[in-house]
Amino acid sequence: MTGILEWIIFLALSLIAVITAAGMLLTMSMYRAGLALMASFVALAGMFILLGADLLAAIQIMMNVGGMLVMVLFMVMIMMDPGGEMMWSMKRNMHIRGLAAFSMSMPRGKPPEEEPSQENEQHAAQTADWTCPMHPEVRQPDPGKCPKCGMSLIPRTAIANGEAEHESVTQPQVYTCPMHPEVPQDHPGNCPKCGMALIPAQDPASAGQSDSHEGLSMPMHQQSDEQDSHAMQSGHKLNTSHMSDGDHEMNMSGHDMNTSNMSSSDHQMQMSGHGMTMSHMGMTPRQYYDMMVGMAMSTTQLPWAIVLGMISALLLIILVILTPWPQATVGPTQDATNAVGNLLLSRYMIGFEGAAFLILAGIAGAVILAKRERAPVQEPEVMGAGAAKSSAQIYTCPMHPEIRQQEPGECPRCGMSLVPAEETSDSGGQSPQGGHA
Amino acid sequence: MNTIVLALLVLVCLLVGTYGIAVLQQLILLGPRRAGAALQWPIANALLLLRQEDLMPRGADGFLFRSAPFIALAVVSLTALVIPLGPHLIGFDPSIGLFYFVVLLSPFVVSLMNAGWSQNSKEGLFSTFRAAAYLVSYEVPLGFAAIGPVMAAQSLSTQRIVETQAGLWYVVWQPLGLVIYLLAALFVTFRHPFDSALAGDELEGGVFAEYSGPRLLLFKIALDAIFLILMAMGVVLFFGGWQGPWLPGPVWFVLKTFLLAGIVLWAARFLPRLRHDQILSLSWKILLPASLLNITLVGILTLFIPGGGR
Amino acid sequence: MPHLYFAIDGGSGGHLLTALAGSDPYVRQVASPRHANLLIIVEPINQKLLPAVIEVAKALPRPAHALLVRTDENELDQFPGIDSTSLEENLPGSRQITANSLGTVLAAVLHAGQGAELNLLDTSESQEETIQLPPKEEQEMATELAVLSLGPIQPFTAGSLRLFLICDGEQVVSARVESGYAYRGIAQAIMQAEWQRGLVLARALDPLAPLACQLAFVRALEQLQGWLPPVGVTMLREAAVALERVQNVLWWGVRFMRLLDDAFLTERFYGLATALDGCRSLLWQEPPKIWIAPQQNLTSHSVGRSEAINHLGQVLRGVEALRKNVEQNRWLTLRTRDIGVLSAQSLRIAGVSGPVLRASERGNGDVQSRLVARLDVTVDDLERAIEVLAASEVSSAHGAEWQVPAGETRMIVQGPRGDIGLHVVSNGGERPAHIEWQRPSAVLLPLLPEILAGQKLTDAETIVASLDLAMAEADG
């Protein structure tokens, strides 16, 4: 390949590698992040091919594409907002422009001091009832961390106070949807567009802040079709939406740390940030700050990290240009790979054979042994086998104890195989899955 | 310049071959009497799709949606580079040709998954997960089935594999490997009866539900092309590639490829589309042990068959 | 110029659309409207289905065309209270044709490119619908259930039905059915029309089995009139309805096999279905819909074509061979055996009849047994029809008698999907006092949620297809 072509390809590949790697950090969509990582590695593989190391390139592609794929699958399955759409619409609602939309910013400034609230602590001592601002159904007698989201618990009455405070401020009670601020309703209920529970809106005087308020104050639930109103039908008294378990890696960008000009919206947001924390679900500013820190994808040491990264990058570039170590001018050959391949295929073939045989034996053994184990125990799935069963045997579903059938089979609600219901544990069978609606 | 010309040649051959596969499909669908319609249909369909407007659903992941067909076609073109058409007719002959080929099949499925995901529709998402499950499931049987010829030829290079079959085609003493390979190939290309991810009627088009116009055309071309490539690789691995008397190498190769493709497509007509979990259990419960068995057998036979080992 | 079309069936287009899909190499049906350049709508479409039709029309990429097909049978606008909408206004640029046979439609399709183009713009914001889901269990894993909305335009039923499948991955946890998309208000309209015009409406009750409905209506009237037709006439009518049942089963077979994407069996069913259609047109000098009419005496005799009976024999042999194949086909059983088992008792309690009940009584009630049961019934029907036609002279009478004395009667006719029942009350006037139909598909609909819960997604679709629901009949 001629020199120029090689240079062009090298530049293109390296550009792709760097840009996709950066894209992975900046994107809000988890799917895209996984793909960007894949793409970066594939670009690296291309560079390996340029160097003549074909096997390395192929292995690189194989490992990374497969691995990233599985990672993406799990992200889509388990995480909230894998597509990043919720984050985008929040930012749209907050009217953030330009690069600020990509920042993973932290709350600015020093953390506010703890404000020991006398009445709260007294009340807590009396009622011994701590709860999580995000998950009001959590009740604990002691302070600590919420088992669902890890936030520090607050006394239950703080919420009630915060809510009362909040409500007394706003004058006509217009309820609106956190995701769709244009939806006004005069009574609480569900948003007609996304089904989220409506929250009281700010009064018109601070309408300029209201968008940002909604955007910032209400942690959002994912808005895609498939998860419509499923978890939003919990009617707990706060009227806030219910976050699904375990996921707080959301980006609540308030302002852009990197741009030096503070636009008026930034000012507003800073102010509203302060103003709203008082009424924000009854959390103290310190707690709110902690929550934001917890949810940002960043650390307070970010500036240090950036400086360190720049210095090391500069160092590496200087080293690459100057190359102060002794170099050989011999290029890579195919002999090494050929030699390895020959060794593998001729001398170590028996090893592969043995491994294959062992795996086969293992699978066969597992299948045979598994079959033998199943024979004495009657599988409920074996329908119509005609084996003798006691006629008084009632079968029930482990998930739905109200299903009772004479024959074994599958639960019509969930498809699980029915198990024999024991007479003695009838009442016991109800308890763990207790609150079935 | 040589590189670019070579690349373009490979691309042209690929497209011509894809046209051939499309015609073959139509012939099997319509019967041999409608040869004229069979020849015209792929071109007419392509023209129709080219004239349609290119839509994108609202809320779709724009970049992924638009780029997925290009990625698919790019990956297929890359795999086409290592197919040897004749004694010295090959786009790119690294010493690891076959491994390179198998490895590149994963990004192809990734592009299909992107398509399904980016559509912002539930049907697309279901199909995406199905496609991902197939990717994970078929890779191993396909690789293992391909290891048989590699062991016999003692090389991963496709050209070398073809050359060592001068005496005896591998299909003769590795029939199990061929069967496994063909089944896994149907998986990869999402062909009936394993096309649950593209599930025409069930999920309103599956991964392609929201695609229209030229992008859909690219996808269809990519699908047909990857089927062609896999059949071609099957010929390379098991049927002696371009080896054959009297006729020049490339002619033999094309003949064998289309014959194999025709047989596979015709046999697939007799099956209904298998259910998703049936496809997966086929892969894990039947193909995987069978491919391990195949490796064991082939390894032993390698020591005995002349020309199949040293 | 190929045409890739997306078909919308308002309820009466089942056979037509099924036949169209395989008839010409340049006319292909596609599964998603985004892939199509032609929209074929079989009228009538009612108010409930209209928004979905408009959405689909907007989804087609331009340049696109739309073809609105009406058959003579569906001249229902003359009746008040029939719920059908004028599509030409709602789909500017569409072309309307009246077609009774496949050939006409095919010709229109092939020339569709020369007409005006559909020019609906996709500009409106679509309202995202919210659906009440069962409340989430607090103890469950943090995975959400997906609500998959199939329909209302979907290929599993003949007509439009909306299925909400609440899925946990590939498994359906629960299902909800929303019908009414094919509702036309036939039952009310019959009560407001005179007897003679009521016959037209009765035929339209199940557009895929008009003869059965017509026979039920006619027999009910004759019973009220107190006339018992001679044996020959009865047997001939039976033969006509039997052949209609056969036609329904064969076209259903084509749809079912297309759903399973089994090309080989689709072709065989298709061949038999077209052969039968050819026979039917040759068999009678006048179509049965003309001479199945309430009468009080015979007036004339005419003879049918006997060479068509040989063709019927060939169809019979083909169906027998197909039945054997279906039972022994190992690959088909992978998709059909032990799927969707329904117990005969629960079906009887629900009032289900026909091949679905027969399958649960004689077989084990899974999808394959329903397939086999339908083919069995077809074989019986064909044998009986051949007997009757070969033996007797065709006698037809045109003098229909429309005076209906007061009285009350019930009549049941075996339709292709089950028993079609009719309860008529007359007070001697020009209009019926009360008419009530029992429709076989309508009793199956409420059973769907229970049947589909716990099935895999693909199986759920197969089961719905195996029940052969004709939504026009189910919705009334």
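**Helix packing, domains and cores in the predicted model**

In this predicted model, the buried residues of helix α3 of chain A pack against α2 (30–50) of chain A and, in chain B, against α4 (97–118) and α5 (122–153). The buried positions of α3(A) are A:Asp54, A:Ala57, A:Ala58, A:Gln60, A:Ile61, A:Met62, A:Val65, A:Met68, A:Leu69, A:Val72 and A:Leu73. An α-helix has 3.6 residues a turn, so residues three or four places apart point the same way.

Chain C is divided into two parts, domain 1 (3–114) and domain 2, the latter made up of 186–448 + 461–475. The C-alpha centres of these two domains of chain C lie 25 Å apart. To the contact between them, domain 1 of chain C contributes 13 residues and domain 2 of chain C contributes 17 residues. On the side of domain 1 that touches domain 2 in chain C, 8 residues are polar, 4 are nonpolar and 1 is charged.

The largest nonpolar core of the model has 149 residues, and those with the most contacts inside it are C:Leu39, C:Ile41 and C:Leu165. Helix α8 of chain C, which runs over residues 231–260, gives the most to this core, with 16 residues. Since both domain 1 (3–114) and domain 2 (186–448 + 461–475) of chain C give residues to this core, it lies between them. When neighbours within four places in sequence are left aside, C:Leu165 is in contact with C:Leu148, C:Leu150, C:Val172 and C:Ala175, and also with C:Leu452, C:Leu457 and C:Ala460. Apart from this core lies another, of 132 residues, which includes B:Ala22, B:Leu73, B:Leu182 and B:Leu198.

Chains B and C also meet, in a contact that takes 34 residues from chain B and 31 residues from chain C. On the side of chain B that touches chain C, the elements giving two or more residues are α2 (35–51), α9 (213–238) and α11 (276–302) of chain B. Among these, α2(B) gives the most, with 6 residues. By residue class, this side of chain B divides into 13 nonpolar, 12 charged and 9 polar residues.

Note on methods
Residues are numbered from 1 along each chain as its sequence is written. Chains are lettered from A and ligands numbered from 1 in the order in which they are written. This is a predicted model: local features need pLDDT of at least 70, side-chain atom pairs count only at pLDDT 80 or more; totals for chains, interfaces and linings use all residues. Two residues are in contact if their C-beta atoms, placed from the backbone, lie within 7 Å. Helices (H or I, at least four residues) and strands (E, at least two) are DSSP runs, numbered from the N terminus. Ala, Val, Leu, Ile, Met, Phe, Trp, Tyr, Cys and Pro count as nonpolar, Asp, Glu, Lys and Arg as charged, and the others, Gly among them, as polar. A nonpolar core is a set of buried Ala, Val, Leu, Ile, Met, Phe, Trp, Tyr and Cys residues joined through C-beta atoms within 7 Å. A residue is buried if 20 or more other C-beta atoms lie within 10 Å of its own, exposed if 12 or fewer, and partly exposed in between; C-beta atoms are placed from the backbone. Domain bounds come from an automatic or database domain assignment.
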